[in-house]
Amino acid sequence: MITHIKCGKTHMGIVRTETKTDYRVLADKIQVGNIQYKGNWKTEKVIKEGKIKLKCLSCETIIESGEELDGCGEFVIDKNKGVIFITDILDRFTE
Ligand SMILES: [Zn+2]
């Protein structure tokens with residue numbers, strides 16, 4: 001079993017980051033004084049930044065490389081199919 005070296009646990013997932021821009025409209029006629037908002041916040045746009053990272057959900061740490069995992073040489077994240085973990089067995093032979 002592959003575990004996160006830092007915490008010894010194996011509860012992992014992926015995270016993605018996006019930037020969301022919201023807007024809120026002011027009342028139609030703007031004049032001197034306090035102009036109230038009309039309605040609630042609405043979404044203008046969401047930019048998915050495309051950075052998907054592996055995260056240990058036990059200790060809330062982003063895992064940048066396979067070196068942070070016990071029993072894993074490296075990993076490849078496929079956002080649809082899952083994460084492929086590659087053995088570190090070759091590293092063990094050459095150490
Ligand atoms: Zn952890």
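Q: What makes E2, E3 and E4 a sheet, and in which order do they come?
A: Strands here are DSSP runs of E with at least two residues, numbered from the N terminus, and two strands pair if DSSP finds at least two bridges between them. In this predicted model, E2 (residues 12–26) and E3 (residues 37–56) share 13 bridges, and three bridges join E3 to E4. Both counts meet the cut-off, so the three strands form an open antiparallel sheet, ordered E2-E3-E4.

Q: Why are E2 and E4 called edge strands?
A: Each of them pairs on one side only.

Q: Which residues stand opposite each other in this sheet?
A: Thr-21 stands opposite Lys-45 in E3, and Lys-55 is opposite Ile-62 in E4.

Q: What makes E6 and E7 a pair?
A: Five bridges join E6 (residues 74–78) to E7, antiparallel, and the rule asks for at least two. Ile-77 has Val-83 in E7 as its bridge partner. The two strands form a hairpin with three residues between them.

Q: Why is E7 said to lie largely in the open?
A: Buried means 20 or more other C-beta atoms within 10 Å of a residue's own, exposed 12 or fewer, and partly exposed in between, with C-beta atoms placed from the backbone. Of the five residues of E7 (residues 82–86), zero are buried, so E7 lies largely in the open.

Q: How far can I trust this?
A: The chain's mean pLDDT (the predictor's confidence in each residue, from 0 to 100) is 91. Local features need pLDDT of at least 70, side-chain atom pairs count only at 80 or more, and totals for chains, interfaces and linings use all residues. Residues are numbered from 1 along each chain as its sequence is written.

Technical notes: Helix = DSSP H or I, 4+ residues; strand = E, 2+ residues; numbered from the N terminus.
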